[in-house]
Amino acid sequence: MISEDDLRPFLRASNKGVQLNALRRLKNSVIGHSDQKALYLDRGVQEDLLAIISGSGHEDSSQVAEDCRVQAAIVLGSFARSESEISRRLLTDSTLSTLVDVLSPATNVLLLLATLRTLTTLLTARPIPTLVDRFPNLPQALAALVIHHSVLFFKSKHESQRDTLVLSQACTLVPLVAPSHSSTLLLAPYLTPPLVELVHATVLLNNAANSAASSKLQSTAILALAHVITKDAAEKLAREAPNFINTLIGLLRGASKDTRLSAASLLASFLRNSSSNLTNNVALVLVPTLMKLLDDAIADHDGGRNCDPRILHTLAIVCADGGVVSDRCIEAGLIKKIVSVIALVVPNGPFANEEADAKLLAGGLLCLSALGQHKDNYRKSIIDCGTLSIVVAVLSTGNKCSDPSFREVQIAACHVLRSLSRSVLLLRTSFVESGVVDGVVDLLSHRTEHDDDDDKVMLPVQGQEQEVPVDLAPSKQFGGEEQDLEVRSAAMAAICNLVLEFSPLRKPILDHEILPLIVEGARSDYAPLRLNSVWALKHMVYSDDMETRALVLDQVGFDLLIRLCQDDELQVQEQALDFIRNLISRSERFIDLLIANVGEAHLFDMLEQKLSLMSSSESFDAAGGVSGGSRVTGRYYSEIVIAALYILVHIAAGLDRHRAAVAEHEQLLRKIVQLMRHKRNEIRLACVWIIINLTWMEDRQIDSSSSTSTSSNVFSVATAAAAVSYITSSSSSSSISGEAVLAELYKRRAQVLVRLGIREQLENLKQDSVLDVREKTKTAIYQVDALVGNVLTSSAGNNYSEPQQQHGQSIESAVGKMMRLRRNTMNQTAMCK
């Protein structure tokens, strides 16, 4: 217990010798004694230590004063190496700001080392995604440390040992201060250049030094660079310094396990962030190294429980693109090996909250998710190994575990569900676990709630006489809200395929009244959650169940739907347009609702805008090729164009008034003519389907018992007016049949299409490289030619040559033949993989 002569007065003494002695006594009394640490924290010793570290209130720059600062940082680090309750109490804004302020090249090396270690201990125990956001100068400070001590390390043998330790600690801290992708982007511009120099130099010097310290520095520097490297930096480095990559490949054969794994991690980061500069050859080189590391871990006495999680995380990156790399891993039995390892750490009831176990489980699940992205036989193997039961165990833990490290496990488990549910067959037959529904719904509806007594302490606030309660829950103060959003986004991604019409889990999920939560996610400011929510909504209306379509539409509303179609994120736009595409498929009712609520002019203006995206991102040539534009952005533009085209396909597949609405927008038709030369066959095919539907006549649109039957549920106002005009202008209107009236109307529509150049484009598509495009083109040509009397303009510009008096008879005959054909209506809906 604390003696009656409390140490706090001595910690506040102006005499630095007294203060230093008190710090040493405090250090000796708390080492290994958590109860002592808790009592000292209750008495406010944390504030005393922070005051000493910062040097506040004292101008003393003597060596004794510096020793006091060093000892205070060491004691604070001892407090940090305690159970989670004590480390949680230490993790305050004042603690972090004091420690971050110490990170400067001008700081005493011993104080710097102690501070780096304390900060690393705190952040390892309780990760804080937004630390870089809270301290904008932190990236520059870390970069300055790396640069300064790198120079000393390489130039001064006397300081090399301490500088090596500083550099190792600084590199270890890098992923801890920015564990999220958004925070990493803040570090990358400052740290990538000095880390590249440090890694390159350690590779050269380590061959000569070959000490344990220099080997550790090499590994930590490589891992830090792997964490911060971006796509632009990776491609620049691969382009300008190819020998650097070869050097890393050489390290895969190094004697040190840490060095081999670090090099593999950095090479995997290059693979993830580069495009054409690195190929499968590098990935294939990585596979034997990683599999050997995994095999060695499994062969250990613990069966792989102490396997380094980075092995599995790196394998997940390597396998992400599928192909021959994944094939090699499967051949080596990777699936069974992963399941055997993660089965050792699956939570039975509340999770053990051990960070190493959580990281190992998350890494294994992510690797299984990566393997399941591409082939059904891989997915089947993953399920046959019992992976779903592991996923259910993780999801069943749900909100009972508040450890931030377990959030990564939950996210990884959701990724596995999303990956495995890509298989229609497996989705129909294997997803019968009720725990899947309960767990995912629980995560989706999760809001972080913390008990006030547990997460609030009394802290003095500058400018106020009274102490006020400060919420220390990391989810609220230090970016936990972002973590919660990441979990909900992953759960929503898992939901996407599970709500498809043929999924056995669709009804149980809907029975949980999950729809309002999905719509709420579609309104979120967090882009990944918004995207996955719209994706799930799109799949909910991928169904012939018109009642469910109506229910979903009622919840979403057209205002939100159109707003999502104009979202800042291109992928959200794509999914929102696909929602409309699915909604109106095979339903004149929903086509009418769409036009009535959005407005015909607004709707077609929006669709024309989407079709214009391609013109702004790619340039067309006469042969249908494209040039220019970003590959990634161009791909998203293409998907948006495809979605917009199929909305037009479905509208044109509706009633005649719907066809007329499409045909009356000539500027829209001109965009379609242009897109018929596009390099993507899906776009060309969609354009042909629009032509087929615009030139088709339904059997039910003509009443053979009445030559003038034009019921209001068939004709638009424009169609009726055109019919009256045609009949009035005819010398024998009393004898004209209804079939002939419609034939003339469709002839005029077809003539408009011919005038816009569609017929010439169809002629080009007769030699298309894709069979489906060629076959549908034949149908489109037949229908257009039949409506214009089988007389068309050639590419040389020949005029119609058939006598006009024969048009009515030949067209009417052709229309009759068309009506006797079975219509092959294209009503393709959008289902995501």
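Q: Is Leu205 buried, partly exposed or exposed?
A: Leu205 counts as partly exposed because its relative accessibility is 39%. Buried means under 20% relative accessible area, exposed over 50%, and partly exposed in between (1.4 Å probe, protein chains only).

Q: What am I looking at, and how is it numbered?
A: This is a predicted model: local features need pLDDT of at least 70, side-chain atom pairs count only at pLDDT 80 or more, and totals for chains, interfaces and linings use all residues. Residues are numbered from 1 along each chain as its sequence is written, and side-chain values use heavy atoms, with hydrogens and water left out.

Q: Which helix holds Leu205?
A: Leu205 sits in helix α12, residues 181-209. Helices (H or I, at least four residues) and strands (E, at least two) are DSSP runs, numbered from the N terminus.

Q: How many helices and strands in the chain?
A: The protein chain has 46 helices and four strands.

Q: Now the inside. Which residues touch the most other members of the largest nonpolar core?
A: Val177, Leu315, Leu334, Leu365, Leu537 and Leu645, out of 257 residues in that core. Helix α38 (residues 631-652) gives the largest share, 14 residues. A nonpolar core is a set of buried Ala, Val, Leu, Ile, Met, Phe, Trp, Tyr and Cys residues joined through side-chain atoms within 4.5 Å.

Q: What does Leu365 contact?
A: Leaving aside neighbours within four places in sequence, Leu365 contacts Ile342, Ile390, Val391, Val394, Val409, Ala412, Ala413 and Val416. Contact means heavy atoms within 4.5 Å.

Q: What share of the chain is buried?
A: Buried residues make up 55% of the 833 in the protein chain.
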